[in-house]
Each structure stands twice: as structure tokens, then as C-alpha cells.
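Subject: Structure handover, with notes

Dear colleague,

I am passing on the structure we spoke about, with the sequence alongside.

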Amino acid sequence: MMSTHPEVLWAQRSSELDDSKNVIYLTVSLPNIDESSLKYDLTPTSIKFEADARPSNAETKHYEFSLDLYDDIIPELSKHKLTSRSFTAVLRKKNKKLEYWPRLTKERLKTLFIKTDFEKWVDEDEQDTAPDDDFGMGEGLGNMDFSKMLGGDTDEAATAGASIPEDEAESDGDDDDDDGPPPLEDA
């Protein structure tokens with residue numbers, strides 16, 4: 001069976017003082033991984049991933065990649081988790097530095113299957129204000145505020161006096177927009 005590269009997403013945090021904020025977030029975006037076929041080997045300088053998966057009811061394929069990391073990590077302090085949608089890992093960087101790694105890999109090569117994870121990415125100058133989150137590696141939901149995620153306003157006093165402009169208010173319940181498409185014309 002020929003192997004294919006899965007999509008690999010990554011983001012990072014860096015800290016000179018706090019080990020928990022000195023990490024690489026790695027996501028292998030591959031649904032329906034066969035757990036019995038999963039091989040994950042993490043060394044201080046590299047990562048190797050291999051698994052069979054059946055994404056989107058297609059036939060089972062073999063996926064793999066091997067990367068030499070830009071700098072050293074501590075495998076014993078790193079975590080990983082398999083879900084039905086992906087394989088995620090939080091890799092603990094060995095060297096405590098404020099600066100980000102310029103890339104994930106040691107070699108300066110363009111690898112098309114490695115992409116920035118913009119959902120987890122925070123700019124270097126903004127990482128001190130970023131919320132602490134282990135992205136599902138720990139227990140519970142962390143510091144998630146669902147009202148902010150849904151755009152809800154939790155202050156009822158702010159919405160109590162809100163009025164709807166007359167042109168947006170329903171006049172008698174007859175909306176011309178709800179009548180469906182216009183009738184077809186005779187040809």
C-alpha cells in the first residue's frame with residue numbers, strides 16, 4: 001500500500017520562564033484513524049507518524065510522515081491524544097527562549113503538507129495576553145466562554161432597552177419575502 005502525507009497543522013508558544021508556555025501544538029488532521037495501526041515515535045529531535053485511516057467513507061489509505069524538528073523537545077513532558085477527527089500533540093520545547101522557532105523543521109524546505117494552525121496561532125508579541133489552554137489535552141473545557149464564542153451579550157440590561165427600527169419591525173406578520181420564488185413566465 002502506497003503511503004500519503006496527512007495534513008499537519010502547527011502553532012507554538014514560547015517563554016523564558018514558564019515551561020507550560022514553551023510548546024509546539026501539532027495536529028495531524030486525519031479523520032477515522034485506525035488506532036491499531038497508529039505508530040507515533042517522538043524523540044528529542046524528530047517525530048514520526050504512521051497510521052491507516054479511512055477519511056470521508058473513502059477506502060482505507062496508509063498515511064505517514066517523518067520530520068526532523070527545528071530544535072530539541074522533551075518527549076517525556078509532551079502529550080498526545082487521538083480523536084475521531086485528528087491526532088493532536090503538545091510538544092514541550094527543551095530550550096526556554098522568548099523567540100519563536102522560525103519553522104517546524106530543521107531543514108529550510110517547503111513541505112506542502114505542513115501548514116500553520118491559525119486557530120491556535122498567537123503572534124509573539126501577543127502571547128502573554130493569550131489565554132492558557134492545553135487544547136483538549138487536560139480535563140474539562142479550560143477557560144472557554146461560550147457566550148463570547150456565540151457572540152451573545154450576557155448583560156441583559158444592555159439589551160432590555162434596545163428597540164427595533166420601524167423598517168425592520170414586523171408590521172402584520174405578512175412578509176412578502178416568505179412567499180417563495182416568483183411564478184415562471186410562459187415561454
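This is a predicted model: local features need pLDDT of at least 70, side-chain atom pairs count only at pLDDT 80 or more; totals for chains, interfaces and linings use all residues.

Residues are numbered from 1 along each chain as its sequence is written, and side-chain values use heavy atoms, with hydrogens and water left out.

The sheet

Strands (DSSP runs of E with at least two residues, numbered from the N terminus) are taken as paired if DSSP finds at least two bridges between them. On that basis there is an open sheet of 4 strands in the order E1-E6-E5-E4, with mixed pairing. Its edge strands are E1 and E4 (39-42), each of which pairs on one side only. E1 (residues 3-4) runs parallel to E6 (residues 61-68) and is joined to E6 by 2 bridges, with Ser 3 standing opposite His 62. E5 (residues 46-53), by contrast, pairs with E6 in the antiparallel sense over 8 bridges; in this pairing Lys 48 stands opposite Ser 66, and Phe 49 stands opposite Phe 65.

The aromatic rings

The structure holds 7 aromatic pairs (rings of Phe, Tyr and Trp, the last by its six-membered ring, with centres within 6.5 Å; planes under 30 degrees apart count as stacked, over 60 as edge-to-face and the rest as tilted). The rings of Phe 49 and Phe 87 have their centres 5.5 Å apart and their planes at 45 degrees, so this pair is tilted. The pair links distant parts of the chain, since Phe 49 belongs to strand E5 and Phe 87 to strand E8 (residues 87-93), 38 residues apart. Phe 49 is buried (under 20% relative accessible area, with exposed over 50% and partly exposed in between, using a 1.4 Å probe and protein chains only), its own value being 1%, and Phe 87 is likewise buried at 1%. Ring pairs also link Tyr 40, Phe 49, Phe 65, Phe 87 and Phe 113 into a cluster.

The loop residue

Ser 14 is found in the loop between strand E2 (7-12) and strand E3 (23-29), and is buried, with a relative accessible area of 3%. Its side chain makes a polar contact of 2.6 Å with the side chain of Lys 93 (a pair of N or O atoms within 3.5 Å; within protein, one must be able to donate a hydrogen and the other to accept it, and residues adjacent in sequence count only if both atoms are side-chain atoms). A polar atom of the Ser 14 side chain also lies 3.2 Å from the backbone oxygen of Glu 99.
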